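Biologist: I am new to this structure and would like to go through its sheet with you, step by step. Could we look at it together?

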Amino acid sequence: MGLIAWGTELATRWGWVREASREERPRTCVFCEKIGRQRAGVDDGTFVHEDDELVVFRDWRPAARRHYLVCPRAHVASASALRPADAALARRMLELGKECVARDFPDEPDLETRFGYHIPPFNSVDHLHMHAFALPFTPPWKERKYSVEPWARFAFKPAEELAAELEAAAAAGAGGEGQDGADGDNTSRL
Ligand SMILES: [Zn+2]
Ligand SMILES: [Zn+2]
C-alpha cells in the first residue's frame, strides 16, 4: 500500500476525513452487490426483511441458533463511520434486528439475544452490518468472535451501546455551540 493510501486509510479510520468519504463505495462491495441482486428480483433465499432503508438477511456462516445481519441499503463503510446524525439509523437497525429474531421464536419470551457491530479492522465486510443473534452460539466457542466483555469492545461493540453513544453525542451537539465548527468536534470516535 502506498504511503498516501496508507495515510488516507489512517485519517479515515480516525475520523479526520469525514462526510465526503463516508459513503464512498469501494469498487466492489459484496453486500452492495447482494442487496442489488435482491432488488433486481434475483432472490438468493437469505433475506427476511427489506424496506427502503434497511435489509436483513441470514449470515452465510451462522454462528448461533439464529444469526442475521442488518444492513443499510446505502453503502456505509462501518460502525466507525457513524456520526451523531446517524443515531436514528443505529437505533432503527437495533430495533429491526430485535424484531426479526423475536419473530422466529414467538413462544420464547425469555429468548437470549445479542446485537452488535465489529469495529474495523475486526469487521469482515466493509459495509455496515449489525449482527443479530438468538443464542446459544453454535458451536459455543464462536462466542469469542462476538464477545461483549468490556475488554473486547475494541473489536465488537454492543448495538445498544453504540446507539446510546450516538444519541448522547447528537443531544450534546444539538444543545451546544455552533454546528459547523472546525473539523473534529462533534465527531464521536468509535
Ligand atoms: Zn456496500
Ligand atoms: Zn461483522
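Biologist: How many bridges join S4 to S5?

Modeller: This is a predicted model, in which local features need pLDDT of at least 70, side-chain atom pairs count only at pLDDT 80 or more, and totals for chains, interfaces and linings use all residues. Residues are numbered from 1 along each chain as its sequence is written, while chains are lettered from A and ligands numbered from 1 in the order in which they are written. Strands (E, at least two residues) are DSSP runs numbered from the N terminus, and two of them pair if DSSP finds at least two bridges between them. S4 and S5 run antiparallel, and the number of bridges joining them is four.

Biologist: In S5, which residue is the bridge partner of Thr113?

Modeller: Thr113 belongs to S4, which covers residues 113–118. Its bridge partner in S5 is Ala134.

Biologist: Which residue in S6 does Tyr117 stand opposite?

Modeller: S4 also pairs with S6 in the antiparallel sense, over three bridges. Within S6, Gly116 stands opposite Pro158, whereas Tyr117 stands opposite Lys157.

Biologist: Which strands stand at the edges of the sheet?

Modeller: The six strands form an open, antiparallel sheet in the order S1-S2-S3-S5-S4-S6. Two strands have a single partner each, so one side of each is left without a neighbour in the sheet; these are S1 (47–50) and S6 (156–158).

Biologist: How many residues of S4 are buried?

Modeller: A residue is buried if 20 or more other C-beta atoms, placed from the backbone, lie within 10 Å of its own. S4 is largely enclosed by the rest of the structure, because the buried residues among its six number five.

Methods: A residue is buried if 20 or more other C-beta atoms lie within 10 Å of its own, exposed if 12 or fewer, and partly exposed in between; C-beta atoms are placed from the backbone.
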